[in-house]
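Here is a short briefing to read alongside the coordinates. Have the sequence and the 3D view open as you go.

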Amino acid sequence: MPELPEVETTRAGLEPLLVGRRVTAVSVRERRLRQPVPARLAATLDGQRLRAIERRAKYLLFRFETGTLLGHLGMSGSMRVVARGEEVRKHDHVDLDFGARRVLRYHDPRRFGLLLWQRGDAPHPLLHALGPEPLGADFDGAVLHAQARGRKIAVKPFLMDAKVVVGVGNIYASEALFRAGIRPGRAAGRLTRPDCDRLADAVRAVLGAAVARGGTTLRDFVGGDGEPGYFAQELAVYGREGAPCRTCGSAVQARVLGQRSTFWCPRCQPR
DNA sequence: CTCCGATCCTGATGGC
DNA sequence: TGCCATCAGGATCGGA
């Protein structure tokens with residue numbers, strides 16, 4: 001479910017409610033996520049002050065005094081702050097209690113997410129091979145062009161490769177390609193430098209706009225404050241097969257590419 | 001190396 | 001109404 005804008009929305013929603021507070025209790029109701037929740041998590045976190053919440057790619061980094069809790073929301077995860085005593089719903093797997101009205105609740109029906117503990121200051125191995133942050137200074141058309149060189153993979157799954165650029169998932173890959181006027185099935189290696197410049201700009205623009213709207217809620221995503229995101233109404237092509245393109249009126253096309261649904265406008269994305 | 005398909009899991013949806 | 005197939009915002013793994 002969550003791509004960079006949804007993870008960043010989660011981070012920004014949690015931060016003012018939790019940073020500076022101490023963990024007073026930890027409750028793990030289900031530890032079978034993509035990897036098991038560490039058995040000693042409660043003992044590790046109890047009494048520790050949360051110093052910061054950061055984001056790298058689609059990971060959330062909860063910085064504590066003796067290490068970092070690494071979180072990932074997978075396809076269906078969400079985190080929000082609830083009051084102590086709020087009714088526990090199905091798939092509310094983990095609570096971190098920071099106070100009476102400050103319980104961080106992790107919810108994830110499909111359990112593709114992660115909660116892992118990394119002691120000390122070293123970055124977690126899962127973060128090691130990640131590419132540049134799309135909204136950071138070291139991502140641009142030149143980087144994209146260099147990465148794409150010689151590659152036959154379609155540009156859409158190429159954009160979703162975290163070694164190329166992080167944070168771009170299935171929704172925003174289609175949206176960025178629409179904004180750049182590039183067909184999703186085009187081989188990455190055939191992109192020109194100007195194509196890559198437009199594409200990098202489009203990735204930044206669409207992610208930035210989505211962050212500003214609090215992300216995209218298709219089904220049940222909520223940010224750290226429990227509110228849905230409002231970018232869905234601004235999606236140009238994702239989920240709009242057969243509907244008229246908002247720019248030119250042509251019917252939006254869809255096909256499966258790299259096992260993922262892919263959407264584009266045949267007229268606005270000529271090649 | 002690159003690329004593709006299968007896989008983990010549960011829930012929603014649509015066809016019959 | 002029930003049953004079944006398909007699809008879903010991610011990421012990893014193995015084989016070609």
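What follows covers the surroundings of a DNA strand and then a set of paired strands.

This is a predicted model, in which local features need pLDDT of at least 70, side-chain atom pairs count only at pLDDT 80 or more, and totals for chains, interfaces and linings use all residues. Residues are numbered from 1 along each chain as its sequence is written, chains are lettered from A and ligands numbered from 1 in the order written, and side-chain values use heavy atoms, without hydrogens and water.

**Around DNA strand B**

- The residues near DNA strand B (a heavy atom within 4 Å) include K90, H91, R110, F112, K152 and R219.
- Of the atoms of DNA strand B that come within 4 Å of the protein, 67% belong to sugar and phosphate.
- This surface divides into 6 charged (Asp, Glu, Lys, Arg), 3 nonpolar (Ala, Val, Leu, Ile, Met, Phe, Trp, Tyr, Cys, Pro) and 2 polar residues (the others, Gly among them).
- A polar side-chain atom of Q259 lies 2.6 Å from a phosphate oxygen of DNA strand B, and one of R151 lies 2.7 Å from a phosphate oxygen.
- P109 uses a backbone N or O atom, 3.4 Å from a sugar or linking oxygen of DNA strand B.

- β2 (residues 50-56) pairs with β3 (pairing needs at least two DSSP bridges) in the antiparallel sense over 6 bridges, and L50 has F64 in β3 as its bridge partner.
- The β2 and β3 hairpin has 2 residues between the strands, and A57 there takes a positive phi near 55 degrees.
- β3 also runs antiparallel to β4 (residues 67-72), joined by 5 bridges, with L70 in β4 as the bridge partner of L61.

Terms used:
Polar contact = N/O pair within 3.5 Å; in protein donor to acceptor, adjacent residues only side chain to side chain. Helix = DSSP H or I, 4+ residues; strand = E, 2+ residues; numbered from the N terminus.
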